[in-house]
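Open the model in a viewer and keep the sequence panel beside it. The tour below goes from one selection to the next and says what is there.

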Amino acid sequence: MGLGQPIADAFKLASKGWIIPFRSNVMLYLFGPFISFFISFSMWYLLPFESQVASFKWAVIWFLCLSSVNVYGVIVSGWASNSKYSMLGTMRGVAQVISYEISMGLLMLFPAVLGMSFEVYEIFSSQKWVWIAFVSYVALVSWSITMLAEVQRPPFDLAEGESELVSGYHVEYGGMGFTLLFLAEYGCLLLVGFMLVGLFFGALEEFSVVFFGLMAAWCSVWLRASVPRCRYDQLMMLSWKSLCPLGLGSVVLAMIMKISAGLG
Amino acid sequence: MSRSGFRQDMPPTGGYGDIPYKKALQIPRLKGYTKIAIATGITLAGMYVCTKQIQMNSRLRWEENDARLATWPLVKAEQDRLHLLQVRKNRDAEAELMKNIPDWKVGTYYGKPIYHNAPENHKAYSPDEYYVHSDPKKELRSYYSN
């Protein structure tokens, strides 16, 4: 009977006190996890559901905007802690997220152009005959790698790096602050899983989006067990030398297909 | 005191052979060129079907847009009709409420008529005033029931 254990854990974490580090920037230190949590769960607004209450026209742009603003949670919570480890983790995380945003934007344009919309529901439902994963599996794999780096999951968790930085940007957080940062990270991860099955595999029903999205998120936990953390220069080279050209190529391919569909 | 038939267990003459550590199980694997050919085939077929899918989707969008344009006057007329019904309801409620007050002119605001909205004395009213005489539960139900 371990069912009560997670609930008890949640209550324990929520009821722990805040330990505020000496000479830290108190307001920002307390505020950082809330920024992270709020932005991460605002992104969930774009997911289409059967009721259509929360699906809107510029969802892909919303996703791109919020995932670039999401880095402020890391900046604020890492800088305000007044700790060398968290500052180093913040620098790493910010550089990583900013460089991976470019390939993320380019690779998200690929399903958006082929689905002829920025609305997530339209892109999901436009794949009636063939999934976009079959059109370019390169775009699928590149987007998955990019999103792993974007939400800072292993093997790209350089911002946390337990072996060299103690725990990265959330060294100094415990209790509710840590819980919020943790929830923000996992919320992003789940959303990325849902987006993956929707954008590339055309999952439309709530059941299949949730089930296969959870499977995609589970694959990232699986990767943490099997892949070692990569080096920082390898991470940057992967972004600028492999994923950016692949993203540009995907956009060009999508444009060619769109134009040929218009001609034929 | 040697027993006959006893044989000491010793390594074979010439020692043991090498341990066969190489993988003995033969898993059938595709060759590299076959894999590339399969991936290219799937991608090309996917691209062809996807161009057809784009054409189908754009035809569906055209049809949807045409239907929206065709029904637009009807939708606007229905909106206007609902607006007028609500406004008449407000006017009747005001007349019912103020019937005991002498020389009260229904439908005026400081002497200006609000329902005959000529451009110079047009007064836009807030949603609170517009829905002031209606039942909130009923309005919500009618809003979410379509």
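In which helix of chain A is S40(A) found? S40(A) sits in helix 2, which covers residues 26-42 of chain A. Bear in mind from the outset that this is a predicted model.

**Stop 1: S40(A)**

Select S40(A) and show what surrounds this serine. With residues up to four places away in sequence left out, S40(A) touches N70(A), A184(A), G187(A) and C188(A). Is S40(A) buried or exposed? Its relative accessible area is 0%, so S40(A) is buried.

**Stop 2: the largest nonpolar core**

Next, select F63(A), L114(A), V135(A), W143(A), M195(A), L199(A) and F200(A) together. The largest nonpolar core has 48 residues, and these seven are the ones that touch the most other members: F63(A), L114(A), V135(A), W143(A), M195(A), L199(A) and F200(A). Which helix gives this core its largest share? Helix 9 of chain A, residues 175-201, supplies 10 residues, the largest share.

Apart from neighbours within four places in sequence, L199(A) is in contact with M108(A), P111(A), I123(A), F124(A), Q127(A), I132(A) and W143(A).

**Stop 3**

Not counting residues up to four places away in sequence, A217(A) touches L189(A) and L190(A). A217(A) counts as buried because its relative accessibility is 7%.

A polar atom of the S208(A) side chain lies 3.1 Å from the backbone oxygen of E205(A). When residues up to four places away in sequence are set aside, S208(A) touches A203(A) and G213(A). S208(A) has a relative accessible area of 10%, so this serine is buried.

**Stop 4: salt bridges**

How many salt bridges are there over all chains? The count by this rule is eight. To see one of them, select D157(A) and R229(A), whose side chains meet with N and O 2.9 Å apart. This pair links distant parts of the chain, 72 residues apart. D157(A) is in the loop between helix 8 (137-150) and helix 9 of chain A, while R229(A) is in the loop between helix 10 and helix 11 of chain A. The two ends fall into separate classes of accessibility: D157(A) counts as buried because its relative accessibility is 6%, whereas R229(A), at 30%, is partly exposed.

Turn to chain B and select R91(B) with D92(B). Their side chains form a salt bridge, 3.5 Å from N to O. R91(B) is partly exposed, with a relative accessible area of 40%, and D92(B) is partly exposed at 41%. Then select K99(B) and E96(B), where the side chains meet in a salt bridge of 3.1 Å, N to O. K99(B) is exposed, because its relative accessible area is 55%.

**Stop 5: where chain A meets chain B**

Colour the two chains separately. Here 19 residues of chain A are in contact with 17 residues of chain B. The area buried between chain A and chain B is about 1,700 Å², and carbon and sulfur atoms give 66% of this area.

Which residues form the one salt bridge across this interface? Select R61(B) and E122(A): their closest N and O atoms are 2.8 Å apart. Between chain A and chain B, nine residue pairs are in polar contact, both residues being at pLDDT 80 or more.

To finish, highlight helix 5 (84-115), helix 7 (132-135) and helix 11 (232-263) of chain A, each of which supplies at least two residues of the side of chain A that touches chain B. Helix 11 of chain A gives the largest share of that side, five residues. By type, the residues on that side of chain A are 10 nonpolar, six polar and three charged.

Terms used: Residues numbered from 1 in each chain as written. Chains lettered and ligands numbered in written order. Predicted model: local features only at pLDDT ≥ 70, side-chain atom pairs only at ≥ 80, totals over all residues. Heavy atoms only, no water. Core = buried A, V, L, I, M, F, W, Y, C linked by side-chain atoms within 4.5 Å. Buried < 20%, exposed > 50% of the residue type's maximum accessible area, 1.4 Å probe, protein only. Helix = DSSP H or I, 4+ residues; strand = E, 2+ residues; numbered from the N terminus. Contact = heavy atoms within 4.5 Å. Buried area = accessible area lost by both parts, 1.4 Å probe. Salt bridge = Lys/Arg side-chain N within 4 Å of Asp/Glu carboxyl O. Polar contact = N/O pair within 3.5 Å; in protein donor to acceptor, adjacent residues only side chain to side chain. Nonpolar A, V, L, I, M, F, W, Y, C, P; charged D, E, K, R; others polar.
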